[in-house]
Amino acid sequence: MGYPQIFAAVLAVSVVLFIVSCIRRFRLVALGKPEDRLSHVWTRVGNMLLFAFGQKRVVARPFGLNHFVIFWCFLVLAVANADFVIAGLNTQWGIAAWLPTSISGPIFGLFDLVSLLTLVVIGIAIARRLFFPPDYIEARSKDAFVILTMIALLMVAFFGSHAAENAPHLGFQTGFNYLPPMPVSNAIAHLLVGLPEATIHVLATGFWWAHAIILLAFLNYLPFSKHMHILAAIPNCFFKRLGRANTLPTETFEVGAEYGVGRVDRFTWKDLFDSYSCTECGRCTDVCPAFRTGKPLNPREVVHDIKVNLLANGERIAAGQQPGLALIGPHAEGTIAEDTIWSCTSCGACMEVCPVFIEQMPKILQLRRTLVEEEARFPEEVITFFENMEQRGNPWGIAPSERTKWCAHIEAKPFSDETEYLFFVGCAGAFDARNKQVSLAVAAILDAAGISWGILGKDEMCCGDSLRRLGNEYAFDRMVRHNIELFRRRGVVKIITQCPHCFSTLKNDYRQFGIELDVIHHTELIQRLIAEGRLPVNAAAIGRVVFHDSCYLGRHNGIYDAPRAVIRAATGQAPAEMARHRENSFCCGAGGGRMWMEEHLGTRINIARVHEALETRPDTICVSCPYCLTMFEDGLKDVDADPRVGVKDIAEVVAAALPAQAGEEAKA
Amino acid sequence: MLVVACIKQVPDTTQVSIDPVTNTLIREGVPFIMNPYDTHALEEALRLKDRYGFRVAAISMGPPNAEVTLRKALAAGADEVVLLSDRAFGGADTLATSQVLSAAITRLNEREEVAVVLCGKQTIDGDTAQVGPGIATRLGYTQLTLVDQIQHLDLAARRVRVRRKLEGRHEIVEAPMPAVLTVVREINRPRYPTVPMRLAAEQAEIPVWSNAVMTIAPETIGLKGSPTKVNRIFSPERDKGEILGDGAHDPDGAAELLIARLMSKDLLPL
Ligand SMILES: Cc1cc2nc3c(=O)[nH]c(=O)nc-3n(C[C@H](O)[C@H](O)[C@@H](O)COP(=O)(O)OP(=O)(O)OC[C@H]3O[C@@H](n4cnc5c(N)ncnc54)[C@H](O)[C@@H]3O)c2cc1C
Ligand code: SF4
Ligand code: SF4
């Protein structure tokens, strides 16, 4: 369209600008701490294909399909625009010039149709923001409209320039006057027929330049907007964690070491890259129990603040100066407030829905570490918890000698060479009046199945879960080392837990300290025993049972089917499901150490969940976790629910379905 | 100027049980902790440091393993600690204990002027609440017990104003310094140590003053200097009380019975 020299100059400037801003931004990622995200390359390529190109998680929600279409349109249009740029430099280099029309024709036809499709989906995206904005994000952001408008205008310019280009050829489909099969552009071209040739020429040039300028402006807007995700999200799917983010990295305790993340460059490079990949879709916010109950935690904002903080401080940090913008402090863009940090229940819901696999939760817990370990700053009530854990090895500060009270009236052997499994009763199971009943139910089930089990009694100590999630890695580290020493000395390898927190911690976190334990939660063990015919159960109908997935059994360890199978076996029917269940289950509010904290901001999480459970009109709410048990029982009382609605651990449901004398038979 | 916090290492009495046969305390395997009241005394000393820029010294008389407790004081922020440990100090009653602690404070005072000595109200094992007053008497310092608030230190006029927590009332007292203050738990919430402080404390050298250093007259310390002798420790027999009514099924009825009984014994003033 004339002036290739001018275009070449404009292009060179834009590309240089784009590259410079990309380098300046992505270089900052290198300030982060090392972390291995390159092992198992082929699995990673697979993930990238599935989640970036296949958009598997994106399409999990209704409007995700729209994004899927936009994404693929983009890929096609990337080729179209590459050709546009090349041909703009020299017409002879364009596809139209060197490919036979039998090939280039359909290609341009495709570009034409895809451009129309893009215009439609962009229209839908704009309409959604205008007419059905989700309640969990500021959907009508300037950023969103700027970018959507740019794309729409790019399409308009595409049609305009092709229409004007094709208009003179209409009706002359001879050898010289080839008309590419571009239905949309050609339809518009028909409107131009009859205009003077010079006008058409001006239009063609005008639209071509409009197209060129919008394209280059778009390119240079990307790195400065949330649309940076267009550049980062695909690699982020490649760098995605291969397992689950259910632990945290260990720390080394030596003089001069730093703990947790108190400055943006103490995150790993992947954490920083995550912040660049955020699409600001807000799905994490939508599912966050803290956000949903009015607490000052919005996981999307946490990720955004990390990005803003990095961009604000990166250059200074790289130059060896102190950051100007605090990472933790009174709430401001780029700074994360302490209330935000303490509101997280570590439920993992955010990570489960993030389309680009950002790990919000571990970032929040790393911030806690700095607050606790370097500054000893945390909500007042937590100090009692820390001291109880350090002095008495349990959250309540009860004397360890009380650990065996729950089994005073049954036979519970001490764990020894003669016993196969260690029944790790857990603090709630040993000290909490209600949960002691669950311990008895588990013991009855183990006996009924003829399992050989023993306990550590007063030597058992808390697994340390809440210490770790509350950021007290130092105390956790010591506790783990103490417990591992004890396990080794007593020959403990196979462990049954009745608490998903003990389960996940012993199984996943302890591994980092060099011990491989064979840990099983009672839900899975019971399911296995029933399946193998080792546990006799007489299915007994107990009315409508609704099952609540605990975060640490479900999302953090992927155990969803076992509890449902067990309930089916014990009650004769599948459990009812709440609106949010399995991967989408909603936390009871007690995880992440929140069990030991006041909940004085917003409304109560357990009440929200109790209401949801009551909507299924249950007779029994079945749980698999001591915290959930407490939270549901408290919640039911607080909402004045029908007192006939009971909360039971899955072990209690099963114990009630055991035939009488099952235990005696198993022993005999 | 120096603030001295006196801290004692005590067995975690919630974990002490009584041997049913010998009726004595079973102390084996019972972990030691810093006397809970002393955590508040130490914290108050650290707050005075924050307020007035004093240095904080924590001292403890006890066996060599009491250094663990002094490390906790270092981790919390004490500037220096001294362990007063010698076989000759063993078996001390409150008189002999305050003798040794006073001597230590005197020694510290020779180096740097002592403004305030902080003690816990009492310990959870000996429970006498006499050591603080004993130190004050021996050193001739002002004695202010049961303090729940240090309101003001006037360093120029050498006066201290505190609030004392008494049965059902408070008392605000102003008195000359130096003073020995014994504190109640309400005075503050002790801080939690940071990891860097803990690591430094773990590696610190703990100075030990034996009587070779202190040279206190041997007949005034340890068993020899202790006129009090503990004859026997036992848990009193407790008769199982009577159960009134049926609280589970008829709580109102049970409550009425209880009220009537308490009134009949004049235990419930109306
Ligand atoms: C079960 C038991 C019963 C006893 N009964 C008696 C008795 O009836 N009469 C008697 O004279 N002795 C008795 N003793 C010995 C006596 O308790 C201690 O030896 C004495 O040193 C401290 O008294 P206390 O623990 O009651 O301290 P308290 O006077 O209750 O302590 C007040 C404060 O003084 C400071 N303090 C106390 N001891 C030390 C220390 N060693 N180092 C640093 N600071 C300290 C602390 O700040 C403490 O909070 C008993 C000991 C035991 C274990
Ligand atoms: S882990 Fe749960 S509570 Fe924490 S930010 Fe994510 S969704 Fe919110
Ligand atoms: S972190 Fe993930 S889920 Fe949350 S807004 Fe960003 S892209 Fe969406």
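I began with the contact between the chains, which takes 17 residues from chain B and 23 residues from chain A. Contact here means heavy atoms within 4.5 Å. I note that this is a predicted model, where local features need pLDDT of at least 70, side-chain atom pairs count only at pLDDT 80 or more, and totals for chains, interfaces and linings use all residues. Residues are numbered from 1 along each chain as its sequence is written, chains are lettered from A and ligands numbered from 1 in the order in which they are written, and side-chain values use heavy atoms, with hydrogens and water left out.

**The interface**

I looked up the buried area next. Chain B and chain A bury about 1600 Å² between them, and 57% of that is on carbon and sulfur atoms. Buried area is the accessible area (1.4 Å probe) that two parts lose on being put together, summed over both. In chain B, the residues that lose the most area to chain A are Arg189(B), Tyr192(B) and Val195(B). Together they make up 39% of what that side buries.

I then checked the charged pairs. There are four salt bridges between chain B and chain A; each needs a side-chain nitrogen of Lys or Arg within 4 Å of a carboxyl oxygen of Asp or Glu. Glu390(A) forms a salt bridge with Arg198(B), with the closest N and O atoms 2.8 Å apart.

Which helix gives the most to the side of chain B that touches chain A? I found helix α5 (residues 195-203), with six residues. Helices (H or I, at least four residues) and strands (E, at least two) are DSSP runs, numbered from the N terminus. By class, that side of chain B has eight nonpolar, four polar and five charged residues. Ala, Val, Leu, Ile, Met, Phe, Trp, Tyr, Cys and Pro count as nonpolar, Asp, Glu, Lys and Arg as charged, and the others, Gly among them, as polar.

**Ligands**

I counted 28 residues around ligand 1. The closest are Asp38(B), Ala92(B), Thr97(B), Thr123(B) and Thr128(B). A residue is near a molecule if one of its heavy atoms lies within 4 Å of it. A polar side-chain atom of Asp38(B) lies 2.4 Å from an oxygen atom of ligand 1. For Gln130(B), a backbone N or O atom lies 2.8 Å from an oxygen atom of ligand 1. For Gly120(B), the distance from a backbone N or O atom to a ligand 1 oxygen atom is 3.0 Å.

Ligand 3 is surrounded by residues of chain A, among them Cys278(A), Cys281(A), Cys284(A) and Cys354(A). By class, I read seven nonpolar, three polar and two charged residues in the shell around ligand 3.

**Backbone entries**

I saw that Ala129(B) has a positive phi of about 60° although it is not a glycine. Ala129(B) lies in the loop between β8 (114-120) and α4 (131-139) of chain B. Is Ala129(B) buried or partly exposed? It is partly exposed, because its relative accessible area is 34%, and buried means under 20%, exposed over 50%, partly exposed in between (1.4 Å probe, protein chains only).

Arg617(A), also not a glycine, has a positive phi of about 50°. I placed Arg617(A) in the loop between α25 (605-614) and β6 (620-623) of chain A. Arg617(A) counts as exposed because its relative accessible area is 65%.

My last entry is the peptide bond from Met177(B) to Pro178(B), which is cis, with omega near -5°. Pro178(B) sits in the loop between β11 (169-176) and β12 (179-183) of chain B.

Conventions
A polar contact is a pair of N or O atoms within 3.5 Å; within protein, one must be able to donate a hydrogen and the other to accept it, and residues adjacent in sequence count only if both atoms are side-chain atoms.
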